[in-house]
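Thank you for asking me to look over this model with you.

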Amino acid sequence: GAAQVLNLEFPETWGGLAVIDPVVPPDRIIDALTRHRAVPVAFVNEHDLTADQLQLDPLPAVGWSAKPDVTYLITGGLGALGLHLSQWLVARGARSLLLIGRREPTSEARHRLDAFRAVGAIISVASVDVTNRACLAAVLNATELPLGGVFHAAGAAAFDRFSKITTDSWQAAVNAKVIGAQWLDELTAERPINVFVLFSSI
């Protein structure tokens, strides 16, 4: 995502993005990339030394249903994306949601949460900064039902051009995404969850 933004803002200097397996010798990397200069996003690994444009794998055309006997965690759960995701989960059978965020729910958010509860969903809300591992662990350990899935939608909004981004503003924007994802991965590694979803900012 960020690489594509750089391409849009600085087309005169953008060369491309390469995802390189560290085991590939430097001379073979250079050879692969120089043979495919026009490719905007490339990958080079020890088995395939061609630089091809990355393609997203198509999602399977199957339905998905939530489990009613587990809790689904949504970080950034009180924001627009988190509330939309909550509605999607409840519509698919989820009956226990844990929504965490750094702020208290707005009046609009409380109204939507009441609507979820009205159809039988148990909605828990916690004020937690996902970059704080200890606080995140405490909330996860306090769920009554076992944790069944994680949806990491937390993030700090930072809308600016790359040329105006500072180290502090960049760190503030990515901390919730990156550090939060790391803590969630570590804290749920031994739990039998069946879905772990990370949302991009772009």
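Predicted model: local features only at pLDDT ≥ 70, side-chain atom pairs only at ≥ 80, totals over all residues.

1. Residues are numbered from 1 along each chain as its sequence is written, and side-chain values use heavy atoms, with hydrogens and water left out.

2. The chain has 6 helices and 7 strands, where helices (H or I, at least four residues) and strands (E, at least two) are DSSP runs numbered from the N terminus. Along the sequence they follow the pattern α-β-α-β-β-α-β-α-β-α-β-α-β. Of the 202 residues, 32% count as buried, a word that here means under 20% relative accessible area, with a 1.4 Å probe and protein chains only.

3. An open sheet is formed by 5 strands in the order S5-S4-S3-S6-S7, with parallel pairing; two strands pair if DSSP finds at least two bridges between them. The edge strands, each pairing on one side only, are S5 (122-127) and S7 (195-198). Within the sheet, S3 (residues 71-75) and S4 (residues 96-101) run parallel and are joined by 4 bridges, and Leu 73 has Leu 98 as its bridge partner in S4.

4. Helix H3 (residues 80-91) contains Ser 86. Is Ser 86 buried or exposed? Ser 86 counts as buried, because its relative accessibility is 0%. Its side chain reaches the backbone oxygen of Gly 82 at 2.9 Å, and, not counting residues up to four places away in sequence, Ser 86 touches Ile 74, Gly 77, Leu 97, Leu 99 and Phe 116, contact meaning heavy atoms within 4.5 Å.

5. The largest nonpolar core has 19 residues, and those with the most contacts inside it include Tyr 72, Leu 89 and Phe 151; such a core is a set of buried Ala, Val, Leu, Ile, Met, Phe, Trp, Tyr and Cys residues joined through side-chain atoms within 4.5 Å. At least two residues of this core come from each of S3, H3, S4 and helix H4 (107-118), and H3 supplies the largest share, 4 residues. Another core, of 17 residues, lies apart from it, and Leu 73, Ile 100, Ala 137 and Trp 183 are among its members. In soluble globular proteins, nonpolar side chains tend to be buried together.

Methods
Buried < 20%, exposed > 50% of the residue type's maximum accessible area, 1.4 Å probe, protein only. Polar contact = N/O pair within 3.5 Å; in protein donor to acceptor, adjacent residues only side chain to side chain.
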